[in-house]
Amino acid sequence: MATVSQGTKPTPERIFNTFSAFQQTAALKTAIELDVFTKIGEGANEAGPLAKRIGASERGTRILCDYLTIFGFLTKEQGSYALTQESAVFLDRRSPACLASLTGFLGSEMHQRNFDVLTQAVRKGGTAAAQGDNTKPNDEMWVAFAKSMGPLTIPSAMFIAQLTNAAEKKPCKLLDIAAGHGMYGITIARQNPNAQIVALDWPVVLEVAKQNAQAASVADRYSTRAGSAFEADLGQEYDYVLLTNIFHHFDPPTCEALMRRVHAALRPGGKAITLEFVPNEDRVSPATAAAFSMVMLAATDSGDAYTFSEYQKMFSNAGFAKTMLHPIPEMPQRVLVSEK
């Protein structure tokens, strides 16, 4: 893999690699679309046979696989390609942890367009795209999210299920706000046969969640409420309210307004469970969480990646006396638990 020189003299290598980083995105997206990783995993590990399996030219296949090898997605020995451990787990469609579907959202042209006008966004202090207000419906984007991003939730959904003591199988009522694919609530329902899940999202997005609930055999305990998290009737007396990847879309006053609604919807002693990218107070570490602020600058009117102290202030203003922070092992996001 190309890396920045560790010599004592400065070199332009980091600059060159950053300008050309879009090429890596395109190569990975192409490999997923052609199913390169799955076919290599199945044994088509030389350029000729692999090209036939993926319906591509041998020359194009060789160059693509060499490029993927350079950047650590494949290995190559005597003309034979193999999956790295990372690719075998996350990019071979036969793997239960496969994340290939992420290209449908993270690899979409929408995200590229947002960053093509980043200079305007920096000058403005918010997205230069036509729509950056995520309190309003954006069916195309959120349906793509719901259909693409479910597999990425597995570790965090399992972690959140533990925080709800799902294994104890006690009756509970749970609201999943901005449910999207629904996998956070569905995971809890699968582990706790006495959990009743209510999913809230835009109507067309809920259709994806309902399909996933049906596939997981929990549809009889999975109901939906369509509409805006800021306007719809949330219901009352919930034991838990899930807020997964929603606050980063909005400014602090809007986050506080939503959290006040959540506070009112919880029973006494109920808990709000928030999943978010939470950078350290320096706002530059850890890298993945801290860098997410740039994504929000490019894509939203006023969203951000908030620090723990900022969440504490917002949630306290909304009525929650205490919020605890929980890191998720081997994941860049963290869980915040706030008790009413």
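User: Two strands pair if DSSP finds at least two bridges between them. Which residue in S7 is the bridge partner of valine 241?

Analyst: The model is predicted, so local features need pLDDT of at least 70 and side-chain atom pairs pLDDT 80 or more, while totals for chains, interfaces and linings use all residues. Numbering starts from 1 along each chain as its sequence is written, and side-chain values use heavy atoms, without hydrogens and water. Strand S6 (residues 238-244) and strand S7 (residues 266-276) run parallel and are joined by six bridges; strands (E, at least two residues) and helices (H or I, at least four) are DSSP runs numbered from the N terminus. Within S7, valine 241 is bridged to alanine 272.

User: In which sense do S7 and S9 pair, parallel or antiparallel?

Analyst: Strand S9 covers residues 334-339, and six bridges connect S9 with S7. One of the bridges has glutamate 276 partnered with arginine 334 in S9. The sense of the pairing between S7 and S9 is antiparallel.

User: How many aromatic pairs does a search of the whole structure find?

Analyst: Rings of Phe, Tyr and Trp (its six-membered ring) pair if their centres lie within 6.5 Å; planes under 30 degrees apart are stacked, over 60 edge-to-face, the rest tilted. Over the whole structure, the number of aromatic pairs is 10.

User: What is the geometry of the pair formed by tyrosine 306 and tyrosine 311?

Analyst: The ring centres of tyrosine 306 and tyrosine 311 are 5.7 Å apart. The planes of the two rings make an angle of 85°, and the pair is classed as edge-to-face.

User: Why does tyrosine 306 count as buried?

Analyst: Buried means under 20% relative accessible area, exposed over 50%, partly exposed in between (1.4 Å probe, protein chains only). Tyrosine 311 counts as buried because its relative accessibility is 0%. Tyrosine 306 counts as buried because its relative accessibility is 4%.

User: How far apart along helix H15 are tyrosine 311 and phenylalanine 315?

Analyst: Tyrosine 311 and phenylalanine 315 form a tilted pair, 5.4 Å centre to centre with 50° between the planes. Both tyrosine 311 and phenylalanine 315 are buried. In helix H15 (residues 308-317) the two residues are four positions apart, so their separation is about one helical turn.

User: Which residues do ring pairs link into a cluster?

Analyst: The edge-to-face pair of tyrosine 306 and tyrosine 311 belongs here, as does the tilted pair of tyrosine 311 and phenylalanine 315. The cluster linked by ring pairs consists of Phe247, Tyr306, Tyr311 and Phe315.
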